[in-house]
Amino acid sequence: MTKNRKWIALFLAPGLILFAFVFLSAIVVLFTTSFTDWSIGRDMHFTGLKNYVQLITQDKGFRTAVKNTVIWIFLQSTVHVAIGVLAALPLAKKHWYSNPVRTIFFIPNVISSAALGMLFLCMMNPQFGLINNLFGKLLGTKITQNWFMDPKTAFGTITMTWMPYAGLVTILVIAEMTSISQEIYEAATIDGATPLQTDLYIVLPLMKNIIGTSTVLAATSMLQKLDIIMMTTNGGPGFTTMNMPMYLYRTVFSNNNYGLANAQGVLLILLGIVALVTVRKIYAMDKED
């Protein structure tokens, strides 16, 4: 047993050393400097909880960014995952359309967010965009709606730039479904279960862990959503589409306030931990089936 522990420690050592050097040290620096007044070109001064108090009680923009981030985490964990799971149920079966639709459905996931942002900017352009032209032909009038910059439509429009594209969730669920024994399907058919009943009462319960994993990935992806927001709305109009990563970016590169930005980073990490623990509890991922 002692010999096995030595080998286990030996194989774990490179990963643990890399983690400590790259991530753990950065987290320690992030946490300690979040209690300082730190800007490039000025000396660092310890300020205690001043940054956190300012963010929570005085900074309306940050509170809006937190609210938007939480809303997007919820939508991504529910609507986005549901789209992916519902798409996986028919696509896992061997139909003539399964392979082509799988490929098409996954395409947005292999395109960079910057490219998707430019694509949606063109589609939503108030002058020559495809969406306005389509609505204009249907309604018989000229439409010049600025979807990204109108406060009434900006939040919903930016949400739609990633919400429907659940190809990764679909692929993960399909991969898990292939591990279900064919005998289970045959037994369900013999018992008189319809294909819909089989999916609802047999397949989906067996997919609990992979759906939970997909929910974790979807939720945490909202904690790093930056590029497509920067390419389309830059957090505007006002703070309508601002999220925590975008607000942190502005604090660093526009305001040169690294201490305040690092406090935001700590809160962002804490929000991620809360989201992760919540999803794991909801899906009871720590319990054995």
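Trp 72 touches Phe 155, Ile 158, Thr 159, Trp 162, Met 222, Ile 229, Thr 241, Met 242 and Asn 243, leaving out residues up to four places away in sequence. Touching, or contact, means heavy atoms within 4.5 Å. The model is predicted: local features need pLDDT of at least 70, side-chain atom pairs count only at pLDDT 80 or more, and totals for chains, interfaces and linings use all residues. Residues are numbered from 1 along each chain as its sequence is written, and side-chain values use heavy atoms, with hydrogens and water left out.

**The nonpolar cores**

- The largest nonpolar core has 31 residues. Trp 72, Ile 73, Met 124, Ile 158, Trp 162, Ile 229 and Met 244 touch the most other members.
- Six helices are listed as giving two or more residues to this core: H2 (50–58), H3 (60–91), H5 (113–123), H12 (227–232), H13 (244–253) and H14 (258–282).
- H14 gives the largest share, five residues.
- A nonpolar core is a set of buried Ala, Val, Leu, Ile, Met, Phe, Trp, Tyr and Cys residues joined through side-chain atoms within 4.5 Å.
- Buried means under 20% relative accessible area, exposed means over 50%, and partly exposed is in between (1.4 Å probe, protein chains only).

- The buried residues of H2 are Asn 51, Tyr 52 and Leu 55.
- Seen down the axis of H2, these buried residues fall within an arc of 100°, so they line one face of the helix. The arc is that of the directions from the helix axis to the C-beta atoms.
- The face turned away from the buried side carries the exposed residues Lys 50, Thr 57 and Gln 58.
- Strand E1 (36–37), H3 and H14 are what the buried residues of H2 pack against.

**Where H2 meets H3**

- H2 and H3 pack at an angle of about 75°, with their axes 6 Å apart. Axes are lines fitted to C-alpha atoms, for helices over the stretch in contact, and angles run from 0 to 180 degrees between N-to-C directions.
- The two helices are therefore roughly perpendicular to each other (65 to 115 degrees; under 35 is roughly parallel, over 145 roughly antiparallel, the rest oblique).
- Leu 55, Ile 56, Thr 57 and Gln 58 in H2 meet Lys 60, Phe 62 and Arg 63 in H3.
- By class, the contact of H2 with H3 has three nonpolar, two polar and two charged residues.

**Two buried threonines**

- Thr 69 is in helix H3. Thr 69 is buried, with a relative accessible area of 1%.
- Beyond its neighbours within four places in sequence, Thr 69 is in contact with Met 222, Leu 223, Asn 243, Met 244 and Leu 271.
- Thr 69 and Leu 223 are 154 residues apart in sequence, yet 7.3 Å apart in space, C-alpha to C-alpha.
- Thr 215 lies in helix H11 (residues 208–221). Thr 215 counts as buried, at 2% relative accessibility.
- Leaving aside neighbours within four places, Thr 215 is in contact with Ser 77, Val 81, Val 279 and Tyr 283.

**The whole chain**

- The chain has 14 helices and two strands. Helices (H or I, at least four residues) and strands (E, at least two) are DSSP runs, numbered from the N terminus.
- Of the 289 residues, 37% count as buried.
- Among contacts between residues at least 6 apart in sequence, 64% join residues at least 24 apart.

Definitions and conventions
Ala, Val, Leu, Ile, Met, Phe, Trp, Tyr, Cys and Pro count as nonpolar, Asp, Glu, Lys and Arg as charged, and the others, Gly among them, as polar.
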